[in-house]
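This briefing is meant to be read with the structure open beside it. Take the topics in order and find each residue in the structure as it is mentioned.

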Amino acid sequence: MQLSPRNVIEGTVKQVVHGAVNSEVTLEIAGGHEIVSIITKSSAQRLGLAELKKAYALIKASNVMLAVD
């Protein structure tokens with residue numbers, strides 16, 4: 001499979017918290033850093049996301065906003 005995003009980050013699922021509709025998935029990546037994603041509960045189940053499973057974060061964004069006080 002070929003994908004368009006240039007930012008593909010490999011990691012390990014650290015935690016999956018299922019809600020009624022969505023799931024919060026925490027992916028531990030290199031250096032002990034974490035990426036958190038909210039996806040539909042049905043997608044998390046279809047992908048079989050569970051702790052210690054290898055997964056990838058694919059990031060493709062046209063805007064990244066930053067703010068400071």
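Among contacts in the protein between residues at least 6 apart in sequence, 42% join residues that are at least 24 apart. The model is a predicted one, and its C-alpha trace spans about 35 × 35 × 25 Å along the principal axes. The protein has four strands and one helix, and from the N terminus on these elements follow the order β-β-β-α-β.

- Of the 69 residues in the protein, 20% are buried.
- The largest nonpolar core consists of nine residues, namely Val13, Val16, Val25, Leu27, Ile29, Ala44, Leu49, Ala55 and Ala57, and at least two of its residues are supplied by each of strand S1 (7-18), S2 and S4.
- Isoleucine 29, which is one of the core residues, touches Ile9, Glu10, Gly11, Glu34 and Ile35 when residues up to four places away in sequence are not counted.

**The largest pocket**

- The largest pocket holds about 340 Å³ of space, and of the 15 residues that line this pocket, Leu27, Leu49, Ala55, Tyr56 and Ala57 are the closest to its centre.
- Two or more lining residues come from each of strand S2 (22-28), strand S3 (34-40) and strand S4 (54-59), with S4 giving the largest share, six residues.
- By residue class, the lining of the largest pocket divides into 12 nonpolar residues, one polar residue and two charged residues.

**Two residues of strand S2**

- Serine 23 is found in strand S2, and because its relative accessible area is 1%, under the 20% limit, serine 23 counts as buried.
- The side chain of serine 23 is joined to the side chain of histidine 18 by a polar contact of 2.6 Å.
- Once neighbours within four places in sequence are left aside, serine 23 is in contact with Val16, Val17, His18, Ser37, Ile38, Ile39, Thr40, Lys41 and Ala44.
- Threonine 26 also lies in strand S2, and threonine 26 counts as buried because its relative accessibility is 5%, which is under 20%.
- Leaving aside neighbours within four places in sequence, threonine 26 is in contact with Thr12, Val13, Lys14, Gln15, Glu34, Ile35 and Val36.

- Although lysine 41 and asparagine 22 are 19 residues apart along the chain, their C-alpha atoms are separated by 4.5 Å.
- The C-alpha atoms of serine 42 and glutamine 2, which are 40 residues apart along the chain, are separated by 24 Å.

Technical notes. Residues are numbered from 1 along each chain as its sequence is written. This is a predicted model: local features need pLDDT of at least 70, side-chain atom pairs count only at pLDDT 80 or more; totals for chains, interfaces and linings use all residues. Side-chain values use heavy atoms; hydrogens and water are left out. On a 1 Å grid over the protein atoms alone, a cavity is a set of points where a 1.4 Å probe fits but cannot get out, and a pocket is an open set with protein on both sides within 12 Å along at least five of seven lines; lining residues have an atom within 4 Å of a point. Grid points are joined across faces, edges and corners, and a volume is the space filled by probe spheres set on the points. Ala, Val, Leu, Ile, Met, Phe, Trp, Tyr, Cys and Pro count as nonpolar, Asp, Glu, Lys and Arg as charged, and the others, Gly among them, as polar. A nonpolar core is a set of buried Ala, Val, Leu, Ile, Met, Phe, Trp, Tyr and Cys residues joined through side-chain atoms within 4.5 Å. Buried means under 20% relative accessible area, exposed over 50%, partly exposed in between (1.4 Å probe, protein chains only). Contact means heavy atoms within 4.5 Å. A polar contact is a pair of N or O atoms within 3.5 Å; within protein, one must be able to donate a hydrogen and the other to accept it, and residues adjacent in sequence count only if both atoms are side-chain atoms.
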